[in-house]
Amino acid sequence: MKAILIPLIAVLIGLALGLIVNHPWNGVLGQYLAVASLAGMDTVCGGIRSGQEGKFRTDIFITGFISNVLIATLLSWIGDKIFIDLYLAVALLLGWRIFTNLSLIRRSLVTEWHDKQEKVRSAKALAKSSNSPLPGSISAAQDAQNTF
Amino acid sequence: MKQLATRYNPHDYWLLPVSILAAVLGFMLASAWVTQESRPSRLGLLNPEQLGRVSSGPIDLQNQSQQLTQEVSKLRAEKTQLENSIAHQNSSTSTLNQNLQEAQLFAGLTPVKGPGVVVTLSDSKKAPTAFINDSIIHDGDVLRVVNELWNAGAEAIDVNGNRVVGRTSIRCVGSTIMINYREIASPVEVRAIGDSKTLIGAMNLPGGVLAALRSNDPDMVQIDPVQDMVIEAYTGSTSHHFMQLAESGKS
């Protein structure tokens with residue numbers, strides 16, 4: 001659970017910082033910032049997912065973030081120049097990937113939670129079965145012999 | 001928090017880089033966030049290609065234009081107030097101010113009220129005859145009504161909320177009528193302040209401007225006298241680029 005909470009809090013902190021700082025960004029850049037943020041969202045979701053799967057690699061994540069942001073901005077800019085709504089393609093694809101990543105995250109979280117429940121249940125069952133009339137006086141070795 | 005710290009799993013090493021970049025993402029999002037107030041100024045900063053993409057077409061521009069005209073009315077009213085307040089300094093300024101206010105009144109830059117008449121022109125609701133053009137009202141009809149009202153002594157005329165001033169043009173654009181560069185559609189309400197009886201008489205002249213419309217369908221025209229009505233000020237531009245002040249009598 002903390003896998004999503006901590007990055008989410010980080011996003012909120014970043015948002016708050018961004019809203020406090022009075023940025024005189026040029027309006028042109030602001031347009032592309034929107035697509036860039038989308039690319040960033042996709043990378044972060046992908047990072048969380050690969051972290052959950054244990055396949056996270058810092059170098060790939062960081063370079064991925066930077067390159068995705070740059071490529072998204074570049075494609076949108078080229079699209080503006082040649083009058084093709086390329087930003088649509090970028091947004092579509094990134095949206096799809098965000099969806100996929102989030103559902104994979106959800107999947108792994110639910111399995112994790114489920115497995116934990118299983119573990120807790122089986123641990124309880126084990127504790128119950130080892131509650132014999134003679135509490136704690138039977139050693140493991142004796143127990144093994146007895147059950148034989 | 002202690003629980004989180006003690007349960008720190010070395011497998012969670014990915015949390016730090018992801019959180020840092022998540023914060024960067026939050027910052028970028030906040031910069032890209034367009035609030036209602038910042039929208040107009042941000043739209044103004046875009047270049048034409050982006051602007052075409054962003055503005056949701058006519059609705060956006062309509063909202064903007066509405067806001068701007070409201071601002072214009074407000075500013076003009078404030079200007080009149082200021083003029084009146086500083087006019088009381090001495091008799092010459094108050095005379096000047098009086099001339100100014102009368103000129104503004106004549107020019108249609110102030111809201112006015114008084115008795116008058118309301119002429120409502122609407123498209124015919126009956127089934128169209130052979131000439132569909134006869135069943136709808138045209139710019140010409142509105143133009144003739146306005147002309148006749150001026151002729152009959154109207155002192156202020158307003159068409160669907162648009163004040164008719166010296167520069168007002170009424171023309172046909174496709175299927176709509178444009179006045180003061182604003183689109184209007186049927187039913188068209190022409191309101192005029194003046195002597196109700198004279199104005200109504202002018203409207204009802206046999207063979208007059210409304211005769212043709214009435215012969216087609218009497219319901220296309222409706223005339224109502226009004227005891228007291230308010231006509232708003234002209235909210236368009238008063239700037240001029242070609243004309244300059246000249247002395248009279250010189251060609």
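The crossing of helices α7(B) and α8(B) is right-handed in this predicted model. The two helices pack at an angle of about 135°, and their axes lie 9 Å apart. Angles over 145 degrees would count as roughly antiparallel and those from 65 to 115 as roughly perpendicular, so α7(B) and α8(B) are oblique to each other. On the α7(B) side the contact is made by E148(B), L149(B) and N151(B), and on the α8(B) side by L199(B), A202(B) and M203(B).

Both helices also lie on a sheet of chain B. This open sheet has 5 strands in the order β3-β2-β7-β1-β8, paired in the antiparallel sense. Its edge strands are β3 (162–163) and β8 (221–231), each of which pairs on one side only. Helix α7(B) lies across β1 (112–121), β2 and β7 (188–193) of chain B and runs at about 10° to β7(B). Helix α8 (residues 196–203) of chain B lies across β1, β7 and β8, running at about 20° to β1(B).

A second open sheet in chain B is built from 3 strands in the order β4-β5-β6, again with antiparallel pairing. Strands β4 (170–173) and β6 (182–184) of chain B have a single partner strand each, so one side of each is left without a neighbour in the sheet. From one strand to the next the twist averages 40°. Helix α7 (residues 139–151) of chain B packs on this sheet too, where it touches β4 and β5 of chain B; the direction of α7(B) makes about 175° with that of β4(B).

| Strand pair | Sense | Bridges | A bridge partner pair |
|---|---|---|---|
| β4(B) and β5(B), residues 176–179 | antiparallel | 4 bridges | I170(B) and I179(B) |
| β2(B), residues 156–159, and β3(B) | antiparallel | 2 bridges | V159(B) and N162(B) |

Most residues other than glycine have a negative phi. Phi of N160(B), however, is near 50°, a positive value, and phi of N180(B) is also near 50° and positive. N160(B) sits in the loop between β2 and β3 of chain B, while N180(B) is in the loop between β5 and β6 of chain B.

Are these asparagines buried, or partly exposed? The count of C-beta atoms within 10 Å decides, and a residue is buried at 20 or more. N180(B) has 20 other C-beta atoms within 10 Å and is therefore buried. N160(B) has 17 C-beta neighbours inside 10 Å, so it counts as partly exposed.

For chain B as a whole, there are 9 helices and 8 strands. Buried residues make up 24% of its 251 residues. Of the contacts in chain B with a separation of 6 or more, 73% are between residues 24 or more positions apart.

Among the residues of α4(A), Y87(A), V90(A), L94(A), N101(A) and I105(A) are buried.

Definitions and conventions
Residues numbered from 1 in each chain as written. Chains lettered and ligands numbered in written order. Predicted model: local features only at pLDDT ≥ 70, side-chain atom pairs only at ≥ 80, totals over all residues. Pairing = 2+ DSSP bridges. Axes fitted to C-alpha atoms, helices over the stretch in contact; angles between N-to-C directions. Contact = placed C-beta atoms within 7 Å. Buried ≥ 20, exposed ≤ 12 C-beta atoms within 10 Å, placed from the backbone. Parallel < 35°, antiparallel > 145°, perpendicular 65-115°, else oblique. Left-handed = near helix turned anticlockwise from the far one by under 90°.
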